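Open the model in your viewer and follow the stops below. At each one, select what is named and look at what is there.

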Amino acid sequence: MEPTKEQLMDMYYYMLLGRAFEERLEALYRQGRIPGAIYLGRGQEASYIGSAYALKTGDVIAPTHRDMMAMLPRGMDVKSIMAQHYGKVTGPTRGRGEADYLGDLSKGIFTTVSMLPDFYPVAAGAALAFKYRGEDRVALAYCGDGATSRGDWHEALNLAAVMNLPVVFFVINNKYAYSTPNENEMKIADIADRAAGYGIPGRTVDGNDVLAVHEATLAAVDNARTERGPSLIEAKTMRMRGHAGHDPYDYVPKASLEEWEKKDPIKRYEEYLTGLDWFNDDEREVLATRVGNEIKDAVDFAEASPLPDPSEVTTGVYH
Amino acid sequence: MSITEQKAAAGMELQSQESTYLDAINQALREAMEEDSRVFIIGEDVGVYGGAFKVTKGLFDKFGAKRVIDSPLCESGFIGAAVGAALMGLRPVVEVQYADFISCGWDQIVNVAAKIHYRTGDPVPLVIRAPSGAGLRAGPFHSQSPEGWFAHTPGLKVVAPATPFDARGMLKSAILEENPVIFFEHKYLYRRLKERLPKEAYEVPLGKALVRREGNDVTVISYGAMLHKAIEAAEGLAEKSISVEVVDVRTLTPLDRETLVGSVKKTGKAVVVCEDNFSYGVAAELTATISEAAFEYLDGPIVRIAPPDTPIPFSPPLEDAYLPQVVDITAAIEKLARY
């Protein structure tokens, strides 16, 4: 089904919001105003928003530490994400989790760990629970190309396939696992080909095309909902920043980044929208202003929020 | 108070048949699954086959493939899936075929399950059953007692029952827990212990040690299969007029320090007997606990008895030399008693 005007604008809004958030975060990091590391997904906006926007209330996602943007269509508030980066009690982990390791189960977002893709089996288990109770819900797990080399990735795909679980495995192939290029990670060209080894559908999609990602995810989600089976999507894209904030990213040829800059998913989507008769600069301006205000409010909120009380260091280890 | 006295005090009517330690675990699983449709079992060969040790025997026939799930061979995969199911409101009970294989699912336990609640406040009602322990001529990969690894990990509860009564009651408590519990069931005890269990369902609370045998001269602290060797040693020493108190730790995390320390304050002497190997292990923690809390009450050095720091050997004379024996425990207690 073709997305409606409202859906097209929603996806545009979330892409702008995600990028604006990361740009502000990067500035705060360079200014030394936030503790800890940052892991940016710049250049991958279409992969995140196109996929996460294809889900419904009740579905769950398992993002990694780079995947903050996928949380936005799930209703994660940028104020709370910013507070997490500041290590404030108003962040979802109340200052306990590292900055980019956040989520909110009430919004269907798992809180990841750094060992990837540990939440691939966890997402399969969420799908197991949905199937167990006969619920019309789907789990979607994210990871990058790097994590597809680990055993948990293969165990999760096989387990979900054997048990026919309603889960979508979404791989964002951004060409590098930290500094390691695809050719040192695997001998195949398309990670989606691995799906055949588990007897499930696999599909490669242009990760910089938000509508293509959205369509592919809808199809995979529909597959999960109707046949109760998993599938694999590989979104091919490019990480436009280093692995983490400290990474000079000098292992990627400048020419390659310049090429990918031309394929920027937001510019590309704007070109598409500009071709539609109802889209105009006013729409763009309204969204840009809204996003700018939200980011400013998020920083103000985070800075005004209290830090955790040191006396609480040992509380909450157990329920 | 002995277990029999406990049961009598609780006024529980007993089953006519005796139950083994293994039967007791099966009964707890069956009860929990009858009481709560959210409880399910996942593991290798747990369904049609009834488990490598037959602990889940009969459950597949009663509850079906949906609730007794035969998984592919993937400890990390099915432990991770159990965490996901727990976060979505189910109450999974995982069987790791041998405790030795739990390391294949290590990361899902120590980095995923154990670290969720501290960060997000979400409960993780997950039980991982792990048949542990040596004495069965099973060699380095089917004999380990890896409870120390997990007892050292914040966010996990770690239990190690020593009797059929406790195995059933503590497994019930573990399934009712909102935290991940690693349930070490000692496979040497599976078919060697028998007792009549209550007819009705009951729970044995986690985090409570128990004085199994009262005495005045020396406290011996142990758990699991070693507890029974400690009791045998204590009974033998009674003939030499050495009065030995035996404390069953039962739950390693959270540790009931009060009961351990209370006993040592009474006797003034302590021997710690563990199957976890000697260095940096459970015995070290128990010893340190006593040293910190009861130093001024001690009339002699705290003695640690634990296997040497080697892999667990296969051949009978080697395995017998590896495991603490009644004679070793007896000698240590006697020496300390005369200190």
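Predicted model: local features only at pLDDT ≥ 70, side-chain atom pairs only at ≥ 80, totals over all residues.

Lys236(A) is partly exposed, since its relative accessible area is 21% and the buried class ends under 20%.

Asp190(A) sits in the loop between helix 7 (182–185) and strand 6 (202–206) of chain A, while Lys236(A) belongs to strand 7 (residues 231–236), so the pair ties together parts 46 residues apart in sequence. Asp190(A) is partly exposed too, at 24%.

Next, pick Glu234(A). Its side chain also meets Lys236(A) in a salt bridge, at 3.0 Å from N to O. Is Glu234(A) buried or exposed? Glu234(A) is buried, with a relative accessible area of 0%.

Move to chain B and select Glu13(B) and Lys199(B), which form a salt bridge of 3.0 Å, N to O. Both lie in loops, and the pair ties together parts that are 186 residues apart in sequence. Glu13(B) is partly exposed at 48%.

Finish where the chains meet. Chain A and chain B bury about 3200 Å² between them, 64% of it on carbon and sulfur atoms. On the side of chain A, select Tyr132(A), Tyr318(A) and His319(A), which supply 25% of the area that chain A buries against chain B. How many salt bridges are there between chain A and chain B? The count is 0, but 24 residue pairs are in polar contact across the interface.

How values were computed:
Residues numbered from 1 in each chain as written. Chains lettered and ligands numbered in written order. Heavy atoms only, no water. Buried area = accessible area lost by both parts, 1.4 Å probe. Salt bridge = Lys/Arg side-chain N within 4 Å of Asp/Glu carboxyl O. Polar contact = N/O pair within 3.5 Å; in protein donor to acceptor, adjacent residues only side chain to side chain. Helix = DSSP H or I, 4+ residues; strand = E, 2+ residues; numbered from the N terminus. Buried < 20%, exposed > 50% of the residue type's maximum accessible area, 1.4 Å probe, protein only.
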